[in-house]
Amino acid sequence: MGSSSSLGDMVGMSEELMNKAYKEATNKDHKPEKFRLDKSSKDVVIFSFPGSWSVQDWYSKGPFGDTKINQEFFPSLRSIGNDEFATVNEAFQKRFQSIKDKNNSQFQDEVLKAVSKKQVIFTGHSSGGAIATLATIWLLEKCRKENYPFRPYCVTFGSPLVGNFIFSHALRRENWSNQFIHFVMRYDIVPRVLLSPLSGDLQQQFQQVLDSFKQQSKKGQANTVEEAQSFFEKVMINALKTTSHVACKLKESTNPLLETLEGFIELSPYRPFGTYIFCNGPGKIVTLKNPEAVLQFLFYFSQPSSDRDDEAIRRSLSDHFDYAKSLNQQTVVSLDSLEELHRVNMINQVYNEFGDVKGRLCMLAAEESEKRKERNKNKFDSKMQDIEKALVEIEQYRKMWEGHKVGYYNGFKLQEKQDDFKANVKRLELAGIWDEIVEMLKKYELPDNFEGIKEWVKLGTRFRRLVEPLDIANFYRHQKNDDAGAYMDKGRPKRYRYTQRWREHEEGMKKESSGESCFWAEVEDLLAKGITPDTYGRAKGVVEQVEQWDKNKEIERDVFLSETTFAKWWNGLPIELKSPYIGQILSG
């Protein structure tokens, strides 16, 4: 079961540095409302955050205390195509914002000064780990825009979960997940606590647990918590509900009761991310990155054998301050880097030694889910050549219309040539492929990084710019606007909305600013309505955008042919709306 690699080799950070991070994270001089800064190394700066022992710093309202992510601080924490932002623990987010903005932004100044020259590490123990997590993502967002020499790392010890599934999904898409290293002791209740609702009696019990932690952090010895057993059992029962529900989804259960139960059972929204290091004191430790597998392991790894219930309950509190043991040289097993047959055998051994054997099926289901997503991606990768070939044919169709004065948009709208029919067949073939991609993205059935793969972002942009005008021409040719309303309101397919969002995210563009493929729809709508006080501003905006898109070479010059819909609309514009730049192109 052993591995020749050290823990440092597996996670990309030396054991010495992890030990130093732990000492900073658990420094007794820490105050919850402040951060601690260590500059003793010439190459590394460590920012550390302490845990807080007040339940108000862990939980705000509702069953789980979650809220929408702050889009200003964390714009990347969303599902791009689905345009859905992550949720995060509200109390943790407020505490991070308070630290970031306090003392005339001292924290921001120190971080930005450090990251320009040195490796930055954020670390924290207990809820301080959650604050370190948010600080790391905040800096990663800045690294996305600035060319800093190093990406920050985050090392946490006994940290609670922080955000929901989309939170984890976005970190993997951005290739940020590897920057996070989370240590979890076998029975430590804190990494599991937000898998349970904290409202009602459980909130009061949790405050008693935090009071015990407070004493232990100062004196090194905890009070006996009378309700520790009840608290441990309630958290684990609720954690089992969530992990079992997720496992059923991973196994692709079709039982209709599954969705029915979702309306009656409070299921935690929180999900893990990053590299998890599961520890059982001196001896063997397990590293794991697959977030679905980590969720299952969080529950099953903490389950005691039938004759050791008392030890599990006692250690559920004491393990929270026992992480120094996990940093000693140990036998390290990575369940992510094993060959196929060896992985199954290793999972069986790990569960036989560390946890409930029942959990191995859930663990294998999580592994299979990842493989299924990769197979789906491989299927679409194999269709890339077909997409490219179809796009080349449509480009040739476009060039064929360059010899006419109407351009391919209006030519396709007329549907008078055999070539128009052939182009329509290619349009429908491509629509089928991209609609299938979108449906899988909606269900998260593709790898988390799919929407960030540059080849697909580039191909999606090319497809959108070339083919969407044909969709718009078809829409207005059949006068669907009379029944369904304007194309942009009701008729625009998701395949174009998704691929537009991919490009805007990749290039850091303003939302809805990459509309060069769909401006034909706006022109059609404005042409039908004419220039009125209500449409004047829209018309001015279209003229400005078309000019900029032409300068950026984001649209083709066939837009300006003399008998296009755009030229017809342009001719009817009042003189003050006409751009000299576009006027010169049209007259030339």
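A residue is called buried here when its relative accessible area is under 20%, exposed when that area is over 50%, and partly exposed in between (1.4 Å probe, protein chains only). The model is predicted, so local features need pLDDT of at least 70 and side-chain atom pairs count only at pLDDT 80 or more, while totals for chains, interfaces and linings use all residues. Residues are numbered from 1 along each chain as its sequence is written, and side-chain values use heavy atoms, with hydrogens and water left out.

Helices (H or I, at least four residues) and strands (E, at least two) are DSSP runs, numbered from the N terminus. Both faces of S10 are covered, with Phe 180, His 182 and Val 184 buried on one side and Ile 181, Phe 183 and Met 185 buried on the other.

Next come the partners of S10, where two strands count as paired if DSSP finds at least two bridges between them. Strand S8 (residues 153-157) pairs with S10 in the parallel sense over four bridges, and Phe 157 stands opposite Phe 183. Strand S12 (residues 275-279) also runs parallel to S10, joined to it by five bridges. Here His 182 faces Tyr 276, and Val 184 has Phe 278 as its bridge partner.

These strands belong to an open sheet of eight, in the order S1-S2-S7-S8-S10-S12-S13-S14, with mixed pairing. Strands S1 (36-38) and S14 (331-334) stand at the edges with a single partner strand each, so one side of each is left without a neighbour in the sheet. On average, neighbouring strands are turned by 20 degrees against each other, direction ignored.

Axes are lines fitted to C-alpha atoms, for helices over the stretch in contact (heavy atoms within 4.5 Å), and angles run from 0 to 180 degrees between N-to-C directions. Helix H4 lies across S2, S7, S8 and S10, at about 155 degrees to S7.

A nonpolar core is a set of buried Ala, Val, Leu, Ile, Met, Phe, Trp, Tyr and Cys residues joined through side-chain atoms within 4.5 Å. In the largest one, of 90 residues, Phe 107, Phe 122, Phe 167 and Phe 278 touch the most other members. Helix H4 (residues 127-145) gives the most to this core, with 10 residues. A second, separate core of 59 residues includes Phe 412, Ile 453, Leu 526 and Trp 549.
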